[in-house]
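Hello,

Here is the structure I promised to pass on to you. Please have a look at it, and below I will tell you what I found.

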Amino acid sequence: MTFDEYYQHYLSLHQNKWCRRMHVLGNIVTLVSLGTIIYYKIWLMLLVVPYIIYPFAWVGHFLFEKNDPAAWSHPFKAKVADWCMMWDILRGKIKW
């Protein structure tokens with residue numbers, strides 16, 4: 001499966017606007033956390049940065065979308081697709 005095909009599948013798992021909003025919130029918290037970690041030079045905390053979004057995303061999936069997160073089956077592709085989805089939301093290609 002190409003990434004474009006996977007991304008379409010990923011988007012099909014994120015049809016609920018509140019699920020998408022939780023993902024965006026998780027990505028924002030991730031970026032703020034990354035900036036804070038870099039500013040205060042707490043380098044060991046960089047290990048947790050990839051996982052910050054998960055509580056937000058899982059709330060979106062379990063409470064609003066009612067499906068399993070894509071990260072359970074394809075964690076790396078899901079991470080990349082999540083940032084692509086956020087970029088598409090910010091550009092107005094996906095309603096949020």
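Let me start with a pair of helices: helix 2 and helix 4 are roughly perpendicular to each other, a label used for angles of 65 to 115 degrees, while under 35 degrees counts as roughly parallel, over 145 as roughly antiparallel and the rest as oblique. Their axes cross at roughly 105° and come within 10 Å, with helix 4 covering residues 75-90. Axes here are lines fitted to C-alpha atoms, for helices over the stretch in contact, and the angles run from 0 to 180 degrees between N-to-C directions. Helices are DSSP runs of H or I with at least four residues, numbered from the N terminus.

Before going on, please note that this is a predicted model, where local features need pLDDT of at least 70, side-chain atom pairs count only at pLDDT 80 or more, and totals for chains, interfaces and linings use all residues. Residues are numbered from 1 along each chain as its sequence is written, and side-chain values use heavy atoms, with hydrogens and water left out.

Where helix 2 meets helix 4, the helix 2 side brings R20, H23, V24, N27, I28, T30 and L31, and the helix 4 side brings D82, W83, M85, M86 and I89. Contact means heavy atoms within 4.5 Å. This contact has 7 nonpolar, 3 polar and 2 charged residues; Ala, Val, Leu, Ile, Met, Phe, Trp, Tyr, Cys and Pro count as nonpolar, Asp, Glu, Lys and Arg as charged, and the others, Gly among them, as polar.

Helix 2 has another partner. The axes of helix 2 (residues 17-40) and helix 3 (residues 53-65) cross at roughly 175° and come within 8 Å, so these two helices are roughly antiparallel. From helix 2, the contact includes W18, C19, M22 and T30, and from helix 3 it includes I53, F56, G60 and F64. By class, the residues of this contact divide into 10 nonpolar, 6 polar and 1 charged.

T30 deserves a visit. This residue of helix 2 is buried, with a relative accessible area of 8%. Buried means under 20% relative accessible area, exposed over 50%, and partly exposed in between, using a 1.4 Å probe and protein chains only. T30 touches V49, I52, I53 and W83, leaving aside residues up to four places away in sequence. A polar atom of its side chain lies 2.8 Å from the backbone oxygen of G26.

Now to helix 3. Its buried residues are I53, Y54, A57, G60, H61 and E65. They cover an arc of only 125° around the axis, which puts them on the same side of helix 3; the arc is that of the directions from the helix axis to the C-beta atoms. These buried residues pack against helix 2 and helix 4. F64, also in helix 3, is partly exposed at 32% relative accessible area. With residues up to four places away not counted, F64 touches N16, W18, C19, M22 and V59.

Finally, two lysines in loops. Most residues other than glycine have a negative phi. K41, in the loop between helix 2 and helix 3, has a positive phi near 55° and is exposed, with a relative accessible area of 60%. K66 follows helix 3 with a positive phi near 60°. K66 lies in the loop between helix 3 and helix 4 and counts as exposed at 62% relative accessibility.

Conventions
Polar contact = N/O pair within 3.5 Å; in protein donor to acceptor, adjacent residues only side chain to side chain.
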